[in-house]
Amino acid sequence: MRGLKSLSCLFAISVAIGLGGCTSSPDAPVKDGLLISSVRIVDTVAGSVSEPRDVVIRDGRIASVSDAGTGCGGGRCELVDGTGQYLMPGLWDLHVHLESYKAPEDPELEPANWYAPLALSYGVLGLRDLGSRTDEILALRAAWAAKRDAGEAAPLLKAAGQSLSGKQPWGTFDHTLVPESPENARELVRTQLARGVDFIKVHDFIAPDIYAAITQEALAQGSHVVGHLRPYAGPLESAAAGQKDFDHLPPELLAYCGPDGQAATEAFYGGWYTGGPGYYEREMAALYDHAACGKLFAAAAEAGVSVTPTLSVRAPVRARTFEAAKRYLPEGYLAKCEESKRFRDAAGDDIESYRVMIASVVAGLAAAHVEILTGTDGVPESCGVPGLILLDELDYLVEAGLTRPQALYAATRGAALKADAPDHGLAASGAAADLVLLTGNPMADLAVLETPAGVISAGQFIGRDELLALREGAAQYARSLPKG
Ligand SMILES: [Zn+2]
């Protein structure tokens, strides 16, 4: 029954209509689990692959992992033959914006019709939203959680709601809140947590006294702060204030390798609007001092800092991603993606020296045991195709010097723990059944992630043909939107 039920539910999201009802056939035989037989398990914590095993999934969890041939344990299971295949934990994107600002001319891209089917089809099963309109993102989180509770495929979503920001020179977006005073900051933190956000996201240009109020209040309320590294404060100062989780590869991280981090940061931001293509990359490379940064990174590791570098935001758009963008992005967004691609291509040599510098930074962070995690900040305006952009991020991390097992850990167990989802990111007995079935070993070749043999979301199996149907449904949905 589960299989038939899931198929009609998936059909509903794939054609982007009639989301109201998922029906099940009364005549289908009742199965009490899903058996994936003779499958090799990818352990991203140990960095190893097992001998063939039988994996039984019941009620959204991995009920057992046992020797091949054990079978369903006496019950009646739906069978997926995993012979020759690999089962790994689902991937996480720790930096998405599902309900954030959009330009007035662009149509609303409903996450349930566009983001979810694409992300699922690439095995990206966990998402951490770092800045969206609070009411919308919490409603989406609740809707997806309800589907998951009912045993239907949907991403696991964690959300910060609106981020707290200083006054930004480019204006205030509807996914940010700007505290006016430390007292107001404390009140906003309490209000956001009372509304049900999972943590507090801090954005740019926050004054020191307001930043202190935000971090203190979040900790006092039993929560914590994630997001941008505050301008004019180094990672150690921020970590001491209670923020251990930094997104992007912020200039402050490198500026504070030198003797006067504040002056270096100010110089960096001084040219932000006028520098043109390559400015960011050139100035970042100028800030980097390998020996000095090594010492800072070691201290940051000691302080428990982790970094989600979102390398895909700055990297040149790959051919594979651009081809996918043409297929999956609505027309107006594709024009912006092309503009973003041109801007990044124009950075030319600066991008190349940046790439070399990034490799050095990532190697330095990894050598110092600073935890590195996967997030993309991928939005359609910058050619971010949901799911696929996370695969790009994995490739960029490996090109920068992480091993494939390190990158896979970052995207699975490391990310799940960071997102406060402790029963996710593992393919082991008792863990949540959010898994990816692959035709090859991802520790040997990340390209096998592009077209999974199957995905299990909230315990629900989705086979390859259904995954491809989800992609086609998202493409049709994109084409059906008004041109803007
Ligand atoms: Zn972001």
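Biologist: What stands opposite I36 in β3?

Modeller: V55 stands there, across from I36. Bear in mind that this is a predicted model.

Biologist: Parallel or antiparallel, that β1 and β3 pairing?

Modeller: Antiparallel, over four bridges. Strand β3 spans residues 53-58.

Biologist: Back up a bit. Where is β1, and how many of its residues are buried?

Modeller: β1 covers residues 34-43. Nine of its ten residues are buried, so I'd call the strand mostly covered, with 20 or more other C-beta atoms within 10 Å as the cut-off for each buried residue.

Biologist: Now β5. In which sense does β1 pair with β5?

Modeller: Parallel, again with four bridges. β5 is residues 78-81.

Biologist: Which way does β2 run against β1?

Modeller: Antiparallel, joined by two bridges. β2 is residues 48-49. V49 is the bridge partner of V42.

Biologist: How many residues sit between β1 and β2?

Modeller: Four, and the two strands form a hairpin. G47 is in the turn, with a positive phi of about 70°.

Key
Residues are numbered from 1 along each chain as its sequence is written. This is a predicted model: local features need pLDDT of at least 70, side-chain atom pairs count only at pLDDT 80 or more; totals for chains, interfaces and linings use all residues. A residue is buried if 20 or more other C-beta atoms lie within 10 Å of its own, exposed if 12 or fewer, and partly exposed in between; C-beta atoms are placed from the backbone. Two strands pair if DSSP finds at least two bridges between them.
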